[in-house]
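Please read them with the structure open.

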Amino acid sequence: MGFTPAERPRIAVANDGTLAAIHEPARVSVLELPGCAPFTEVDIDPEASASDVAWVGAPPRLLVLSRYAAFAPVLLLDPYGPRTIAEIRLETPMKLFGTVGSHALAVGAGGAAVLTVTHQRLTP
């Protein structure tokens with residue numbers, strides 16, 4: 001009998017095709033492409049009700065949004081550290097719906113936010 005995870009991993013590939021993020025409920029594994037060699041992991045807060053992961057910008061930066069009952073922190077990470085470049089807190093639970101270039105769309109019950117990534121900043 002094989003192992004079946006409770007939730008299937010999700011995969012996000014950077015726009016330039018050099019990195020992939022395998023998103024599981026408790027962590028994100030970052031791999032270099034095309035060889036698929038894993039080189040770093042990012043832990044996801046187990047207290048969060050859910051999380052979303054996406055790539056933004058050039059060079060690729062990892063965007064991690066975690067949902068809680070009343071808010072959603074968003075981290076912008078340099079995957080080669082990994083290290084946090086910037087962090088913001090959205091004052092309502094939201095979900096990442098998509099990215100293009102250096103922008104990401106987060107949507108919640110109360111509205112939407114366009115998140116913009118610059119060299120060292122993340123702004124709604």
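How much space lies in the largest pocket?

1. The model is predicted. About 250 Å³ of space lies in its largest pocket. Strands β1 (10-13), β2 (19-23), β5 (50-56) and β9 (95-100) each give two or more residues to the lining. The largest share, five residues, comes from β9.

2. The pocket lining counts 16 residues. Nearest the centre are Ala12, Asp52, Val53, Ala54 and Leu96. By class, the lining divides into nine nonpolar, four polar and three charged residues.

3. Why is Asp52 classed as buried but Lys95 as partly exposed? The cut-off for buried is under 20% relative accessible area. Asp52 has 4%, so it is buried. Lys95 has 33%, so it is partly exposed.

4. The count of salt bridges comes to eight. Another of them joins Arg83 and Asp78, with the closest N and O atoms 3.7 Å apart. Arg83 is partly exposed, at 40% relative accessible area, whereas Asp78 is buried, at 11%. Separately, shared partners join Arg10, Asp52, Arg67 and Lys95 into one salt-bridge network.

5. Now the nonpolar cores. The largest has 19 residues, and Leu63, Leu90, Leu115 and Leu122 make the most contacts inside it. At least two residues each come from β5, β6, β7 (72-78), β8 (83-90), β10 (103-108) and β11 (111-117). β8 gives the most, with four. A second, separate core of 13 residues includes Ala12, Val28, Val42 and Ile44.

6. Leu122 has contacts beyond its sequence neighbours. Leaving out residues up to four places away, Leu122 touches Leu63, Val74, Leu76, Ala86, Ile88, Leu115, Thr116 and Val117.

7. Leu65 lies in strand β6 (residues 61-67). Leu65 is buried, with a relative accessible area of 0%. Beyond four places in sequence, the contacts of Leu65 include Asp52, Val74, Leu90, Lys95 and Leu96. Leu65 and Phe97 are 32 residues apart in sequence, and their C-alpha atoms are 11 Å apart in space.

Notes
Residues numbered from 1 in each chain as written. Predicted model: local features only at pLDDT ≥ 70, side-chain atom pairs only at ≥ 80, totals over all residues. Heavy atoms only, no water. Buried < 20%, exposed > 50% of the residue type's maximum accessible area, 1.4 Å probe, protein only. Contact = heavy atoms within 4.5 Å. 1 Å grid on protein atoms, 1.4 Å probe; cavity = no way out; pocket = protein on both sides within 12 Å on 5 of 7 lines; lining within 4 Å. Points joined across faces, edges and corners; volume = space filled by probe spheres on them. Nonpolar A, V, L, I, M, F, W, Y, C, P; charged D, E, K, R; others polar. Core = buried A, V, L, I, M, F, W, Y, C linked by side-chain atoms within 4.5 Å. Salt bridge = Lys/Arg side-chain N within 4 Å of Asp/Glu carboxyl O.
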